[in-house]
Amino acid sequence: MLAPLNIIVTGTLNLRILLFMLTVFCSLAHSQQTAQNLFGQHRTALYQIKIIELESGNKSSIGSGFQIDSSGNVVTNYHVVSEYVYNPDKFRIEYLAYDGSEGQLQLVDVDVVNDLALVRKVTLSEQESAFPIAQSLPLQGSAIYSLGNPHDLGMIVVPGTFNGLKKSSFYQRIHFTGSINPGMSGGPVVNELGEVVGVNVATAGNQIGFLIPLAKIQGLLKSQDAQVLKNNQLKPRIQEQLLVNQNKLFSLLNNHPWETSELGEAIIPSKITDFISCWGGSNTSDKEALYLSVENRCQLDEQIYLHSGLRTGGLEVEFEWLDGESLGEHRFYNFYSQSITGAGAGNIASKNDVTNFRCQQDKVTNIHNVTNKTLLCLRAYKEFEQLYDVLFVAATLDHAYRGLISHYTLSGVSKESTLIFTRKFMDSIEWQ
Amino acid sequence: MAIVLELLSRKNIPLKHYKFEQDYVCVGRDFNNDLRLDDPYICPSHMLVAIDPESGKLMVNDCQSTNGIKVNNKFVRQAILNSQDVIKIGRTRLRIIDTKVPLAEAIPLSELEEDLSWLNQGFLAIFLSLVCVGFLLLSKYLGSVQEFNVIKALPSELGQLAVFCVWPLSFAILAKVVKKESHIVSQFSLMWIVVLFVNGLILLQKIAIFNIHPGAWFAWLELVIFATVVAIFIWLSLFVALHQANNRRNIIAISMTLVILAPIYTLGFLNSDQFSPRPNYNPILLPPTYNITSASQTDKFIEQADSLFTQVDKLKIK
């Protein structure tokens with residue numbers, strides 16, 4: 001089946017939701033009419049993309065794709081072809097057209113950051129049809145139509161509503177009200193004129209779908225005439241995109257003063273940027289607790305999918321204020337130690353992708369005279385030079401039964417970005 | 001010239017000792033004998049032990065007994081004895097000792113044995129065990145974040161203490177079997193002292209790690225200290241339990257230490273760098289009172305991080 005997508009839904013829980021919901025969609029007679037027209041008009045340019053495992057000769061995952069020009073270029077999701085990208089010797093990419101004809105596809109380019117891939121038909125037929133690409137996004141509330149092949153059931157069209165770009169997100173997505181299902185990944189979303197405005201990518205269930213917006217597709221079209229990527233060019237291409245992406249992310253984060261807020265007796269950087277979503281919580285409703293715990297967490301809503309065991313490009317920042325006056329000094333510090341025990345990476349990665357973590361720890365006093373036990377852990381990406389996952393934990397040591405734990409995880413960042421971010425983070429904490 | 005006979009147990013441990021100031025000794029069930037043995041398998045007049053007038057050696061003669069004489073498990077009618085020969089008549093075992101053969105030198109009395117006699121005091125053992133219970137309860141209390149209830153915590157802590165008791169008990173049983181004296185009080189006192197000492201060391205270890213953030217060498221130091229403590233503990237337990245030559249005791253203590261530590265450490269080293277999404281770090285935080293060393297600055301920490309990048313880059317190659 002389709003490779004899973006991950007998107008983050010609500011606050012404190014980092015839910016990884018697969019495209020699973022299968023909902024019957026009812027719509028107006030008008031849009032049914034348009035849908036029928038669209039489907040009849042473009043079905044020849046719509047494909048099911050199959051990843052064939054060479055050993056068994058059968059498909060190991062499926063998705064959708066659409067042709068964009070007469071030279072056989074087909075756009076799909078990166079996550080649909082990720083198995084091939086990671087093991088080009090063990091898989092091949094094939095398409096299945098509406099009329100049942102099949103053929104092989106070659107990988108022309110990928111855009112891992114926006115989950116897009118460009119593949120090309122090896123043999124062209126006499127008459128090639130293609131989807132036109134829209135010039136601009138429609139107005140909010142416009143009807144748009146998602147096309148694809150859910151669960152290998154055959155090509156379908158799902159009418160829905162364009163609800164603008166998802167607000168405050170670093171990895172831009174169109175918010176689509178309509179149901180997208182597994183297997184539809186990579187399928188086009190068109191306006192009433194049949195022009196592509198987005199690509200199906202993920203769902204959060206309950207009629208909330210996410211699409212890759214037009215601008216990103218236009219970016220991919222620059223490679224329309226490019227040569228097919230050789231196997232040894234795949235990883236360097238991905239690395240280059242990841243490096244550029246993290247540079248963009250961290251220059252946005254590091255180049256302006258961070259907004260601060262109060263947490264317990266401390267002043268912390270609360271919302272370090274607009275495109276990070278923050279949530280809070282405390283244990284004040286727990287009457288039996290002998291301590292007070294107030295939390296503040298922020299994270300990027302999305303991570304970059306590289307393969308089923310590897311996500312990157314994520315960011316989490318977390319603060320916890322602990323006050324254990326009724327515990328006393330020794331009991332509090334025992335509890336405090338437990339609270340910083342067992343921190344783990346913020347992204348999924350397997351042992352083939354990354355090294356083990358190595359840590360450095362010390363007692364550090366920052367420019368605001370706050371002393372922390374500070375812990376910085378790193379692991380390197382085995383296949384991508386200059387990229388690291390970072391885990392940082394610090395706990396203040398200035399009070400007998402009160403303390404602030406500050407914590408962040410970064411994934412897929414360079415040394416330079418890490419060091420600048422870490423210094424800024426460490427020096428941003430102060431006492432009131 | 002005297003003849004000395006020693007009555008032996010089945011394991012050749014001397015039970016009773018008879019000395020005769022004469023040149024021959026009659027042994028049998030009859031009341032006329034010099035040594036009367038109440039064993040139904042012994043004839044009224046069973047055996048004659050005499051000094052050979054020519055060689056001056058001891059010899060045994062069978063007095064036409066029903067069941068005969070066995071010297072070192074061989075039937076004999078007459079035999080010249082060497083020292084350490086074990087004679088069996090009926091179901092009784094004897095050793096006949098030549099008083100002319102000199103005995104081995106005495107094992108020098110260890111001062112340590114006297115020095116450790118204070119361990120053998122009942123009230124001390126009880127006091128130490130109470131201190132241990134108190135200590136365990138205190139650490140449980142300090143480790144809790146909920147309302148602490150002593151009565152609820154007590155059973156598990158007593159259980160832990162009961163597990164510790166296996167050690168002194170097994171040494172006491174060993175000593176009882178071999179030496180008839182168990183020294184159980186000393187063994188228990190020793191156990192509790194070691195438990196408290198080890199806990200003290202753990203506290204010191206925490207303070208050291210928290211203050212100096214040591215590198216990999218610290219794990220080796222911990223290993224050496226732990227091994228030393230275990231070896232000394234085993235050595236002392238053996239010392240209290242059994243009378244052995246020092247060499248033998250050293251060897252047993254060291255080999256037992258190896259047997260205990262080797263599996264723990266080999267497992268530790270085998271598992272050491274398995275892939276984990278969680279980094280391995282020391283989370284110990286201690287109150288300001290224990291914060292002895294000075295802290296560094298942000299700049300220095302960032303500077304040091306440079307070498308951390310090199311370190312993880314090296315892991316890629318492996």
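How many residues of chain A are in contact with how many residues of chain B? The count is 52 residues of chain A against 36 residues of chain B, with two residues taken as in contact if their C-beta atoms, placed from the backbone, lie within 7 Å. Keep in mind that this is a predicted model: local features need pLDDT of at least 70, side-chain atom pairs count only at pLDDT 80 or more, and totals for chains, interfaces and linings use all residues. As for labels, residues are numbered from 1 along each chain as its sequence is written, while chains are lettered from A and ligands numbered from 1 in the order in which they are written. Helices (H or I, at least four residues) and strands (E, at least two) are DSSP runs, numbered from the N terminus.

- On the side of chain A that touches chain B, at least two residues each come from helix H5 (329–339), strand S20 (358–365), strand S21 (371–380), strand S22 (388–396) and helix H6 (415–426) of chain A.
- S21(A) gives the largest share of that side, nine residues.
- Sorted by class, that side of chain A has 25 nonpolar, 15 polar and twelve charged residues; here Ala, Val, Leu, Ile, Met, Phe, Trp, Tyr, Cys and Pro count as nonpolar, Asp, Glu, Lys and Arg as charged, and the others, Gly among them, as polar.
- There's strand pairing between the chains too: S20(A) and strand S12 (residues 296–297) of chain B pair in the parallel sense over two bridges, and two strands pair if DSSP finds at least two bridges between them.
- A:Thr365 has B:Gln297 in S12(B) as its bridge partner.
- Back on H5(A), the buried residues (20 or more other C-beta atoms within 10 Å of their own; exposed is 12 or fewer, partly exposed in between, with C-beta atoms placed from the backbone) are A:Arg331, A:Phe332, A:Tyr333, A:Asn334, A:Phe335, A:Tyr336 and A:Ser339.
- Their cover includes strand S19 (315–323), S22 and strand S23 (402–413) of chain A, together with helix H2 (122–142) of chain B.

**Chain B: sheet and helix pair**

- Chain B has an open sheet of six strands with antiparallel pairing, in the order S2-S1-S11-S10-S7-S8.
- Strand S2 (14–20) and strand S8 (74–76) of chain B are the edges, each pairing on one side only.
- Within the sheet, strand S1 (residues 3–8) and strand S11 (residues 92–97) of chain B run antiparallel and are joined by five bridges, with B:Leu8 opposite B:Arg93 in S11(B).
- Helix H3 (residues 150–179) and helix H4 (residues 184–212) of chain B have axes that come within 9 Å and cross at roughly 145°; axes are lines fitted to C-alpha atoms, for helices over the stretch in contact, and angles run from 0 to 180 degrees between N-to-C directions.
- B:Phe164, B:Trp167, B:Pro168, B:Phe171 and B:Ala172 in H3(B) meet B:Ile184, B:Gln187, B:Phe188, B:Met191 and B:Val195 in H4(B).
- That H3(B)–H4(B) contact splits into nine nonpolar residues, one polar and no charged.

**Positive phi**

- Most residues other than glycine have a negative phi.
- A:Gln207 has a positive phi near 70° and is found in the loop between strand S11 (196–205) and strand S12 (208–213) of chain A.
- A:Gln207 counts as partly exposed because it has 16 C-beta neighbours inside 10 Å.

**Confidence**

- Chain A has a mean pLDDT of 85, and 92% of its residues reach 70 or more; pLDDT is the predictor's confidence in each residue, from 0 to 100.
- Over residues 1–29 of chain A, pLDDT stays under 50.
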